[in-house]
Amino acid sequence: MKFDYLDRYLLEQAPSKAEIVKAVLQHPAQLPAAAAFYEGIRLLGARTPELTFVALRLVLAGKAADDERVTRLRDIVERARAAGPDRQAAVQAYYEELA
């Protein structure tokens, strides 16, 4: 499954959080492990914490959303968003983490 809209949001913070909430809820994956994340996003809307999207993306990749993985992917996302010289390496690390 492809989740380009979620990847773009996590790596570039685009589109806005309100738009990504709408997109995520319009295109839910039919994975039991993701159901609680969708419910939380539905309830919180644009107030959904960033970590929820990070954890959801891990689950959508078939990975466990445990503390270690969520923290590692969040750190990678922050490096990619910083848009410095490490950005390309961070984007590559992001996709490797989800592979």
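This is a short tour of the protein chain, one selection at a time.

**Before you start**

The model is predicted, so local features need pLDDT of at least 70 and side-chain atom pairs count only at pLDDT 80 or more, while totals for chains, interfaces and linings use all residues. Residues are numbered from 1 along each chain as its sequence is written, and side-chain values use heavy atoms, with hydrogens and water left out.

**Stop 1: the whole chain**

Show the protein chain as a cartoon: its secondary structure is six helices and zero strands. Helices (H or I, at least four residues) and strands (E, at least two) are DSSP runs, numbered from the N terminus. From that end on, the order reads α-α-α-α-α-α. The radius of gyration is 13 Å, close to the 13 Å that the globule rule gives for 99 residues, so the chain is as compact as a globular protein of that length. That radius is taken over C-alpha atoms, and the rule is 2.2 Å times the number of residues to the power 0.38. Along the principal axes, the C-alpha atoms fill a box of roughly 35 × 25 × 25 Å.

Now colour by burial: 37% of the 99 residues count as buried. Buried means under 20% relative accessible area, exposed over 50%, and partly exposed in between (1.4 Å probe, protein chains only).

**Stop 2: helix α2**

Select residues 17-26, which form α2. Which residues of this helix are buried? They are Ile 20, Val 21, Ala 23 and Val 24. These cover an arc of only 165° around the axis, which puts them on the same side of α2. The arc is that of the directions from the helix axis to the C-beta atoms.

**Stop 3: helix α3**

Move to Ala 35, in helix α3 (residues 35-44). Is Ala 35 buried or partly exposed? Ala 35 is partly exposed, with a relative accessible area of 44%.

**Stop 4: helix α4**

Val 59 is one of the buried residues of α4. This helix is mostly covered, with nine of its eleven residues buried. Among them are Phe 53, Leu 56 and Arg 57. Show α1, α2, α3, α5 (67-81) and α6 (87-98) too, as the buried residues of α4 pack against them. End at Gly 62, which follows α4 and has a positive phi, near 85°.

Terms used: Contact = heavy atoms within 4.5 Å.
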